Amino acid sequence: MIGRKQSTILELVIFWGLSICAVAASEVSGLNQLWQDGVVYTVIVFAAIGTALRPAWARKSFWTSLA
């Protein structure tokens with residue numbers, strides 16, 4: 001399809017890996033449920049944005065604006 005971006009295996013591994021690590025870290029650290037949800041949702045949103053904008057990874061402006 002024109003204009004449709006196909007995800008690569010690397011992008012999917014990064015997205016799911018970060019999501020699973022966020023869930024595991026929030027469980028191990030003993031946070032209450034409200035903070036666990038906040039940590040996991042934040043990581044999922046940033047991982048989704050980061051993988052969607054993967055073509056911009058080579059640009060310095062992407063990393064400076066992210067920081």
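**From values to terms**

Trainee: Why is Ser26 called buried?

Mentor: Ser26 has a relative accessible area of 3%. Buried means under 20%, exposed means over 50%, and partly exposed lies in between, with a 1.4 Å probe and protein chains only. Ser26 is therefore buried.

Trainee: On what basis are such values given?

Mentor: This is a predicted model, in which local features need pLDDT of at least 70 and side-chain atom pairs count only at pLDDT 80 or more, while totals for chains, interfaces and linings use all residues. Residues are numbered from 1 along each chain as its sequence is written, and side-chain values use heavy atoms, with hydrogens and water left out.

Trainee: Where does Ser26 lie, and which residues does Ser26 touch?

Mentor: Ser26 lies in helix H1. Helices are DSSP runs of H or I with at least four residues, strands are runs of E with at least two, and both are numbered from the N terminus. Not counting residues up to four places away in sequence, Ser26 touches Leu31, Gln36 and Val40. Contact here means heavy atoms within 4.5 Å.

Trainee: What makes Leu31 partly exposed?

Mentor: The relative accessible area of Leu31 is 35%, so Leu31 is termed partly exposed. Leu31 is placed in the loop between H1 and helix H2 (33-52). With residues up to four places away in sequence not counted, Leu31 touches Ser26, Gln36 and Val39.

Trainee: Is Ser19 buried or exposed, and how do you know?

Mentor: Ser19 has 6% relative accessibility and therefore counts as buried. Ser19 also lies in helix H1. Leaving aside its neighbours within four places in sequence, Ser19 is in contact with Val43 and Ile44.

Trainee: What makes Ala47 buried, and where is Ala47 found?

Mentor: Ala47 has a relative accessible area of 6%, so Ala47 is buried. Ala47 is found in helix H2. Not counting residues up to four places away in sequence, Ala47 touches Phe15 and Leu18. Ala47 and Leu12 are 35 residues apart in sequence, and their C-alpha atoms are 9.8 Å apart in space.

Trainee: Why is Trp16 called exposed?

Mentor: Trp16 has a relative accessible area of 52%, so Trp16 is exposed. Trp16 is found in helix H1, residues 9-29.

Trainee: Which residues make the nonpolar surface patch?

Mentor: The patch is made by Ile9, Leu12, Val13, Trp16 and Ile20, and has an area of about 550 Å². Patches are made of residues with over 30% relative accessible area and no salt bridge; like charges are joined within 9 Å, and nonpolar side chains (Val, Leu, Ile, Met, Phe, Trp, Tyr) within 5 Å. A salt bridge is a side-chain nitrogen of Lys or Arg within 4 Å of a carboxyl oxygen of Asp or Glu.

Trainee: How many aromatic pairs does a search of the whole structure find?

Mentor: The search finds three aromatic pairs. The rings of Trp57 and Trp63 have centres 6.3 Å apart and planes at 50°, so this pair is tilted. Rings of Phe, Tyr and Trp (its six-membered ring) pair if their centres lie within 6.5 Å; planes under 30 degrees apart count as stacked, over 60 as edge-to-face and the rest as tilted.

Trainee: Why is the pair of Phe62 and Trp63 called edge-to-face?

Mentor: The ring centres of Phe62 and Trp63 are 4.9 Å apart and the planes stand at 80°, so the pair is edge-to-face. Trp57, Phe62 and Trp63 form one aromatic cluster. Trp57, at 26%, is partly exposed, and Trp63, at 45%, is partly exposed.

Trainee: Where is Trp63 found?

Mentor: Trp63 is found in helix H3, residues 60-66.

Trainee: Which pattern does the protein chain follow along the sequence?

Mentor: The pattern is α-α-α, and the chain has three helices and zero strands. Of the 67 residues, 18% are buried.

Notes:
Accessible areas come from the Shrake-Rupley method with a 1.4 Å probe; for residues, only the protein chains shown count as cover.
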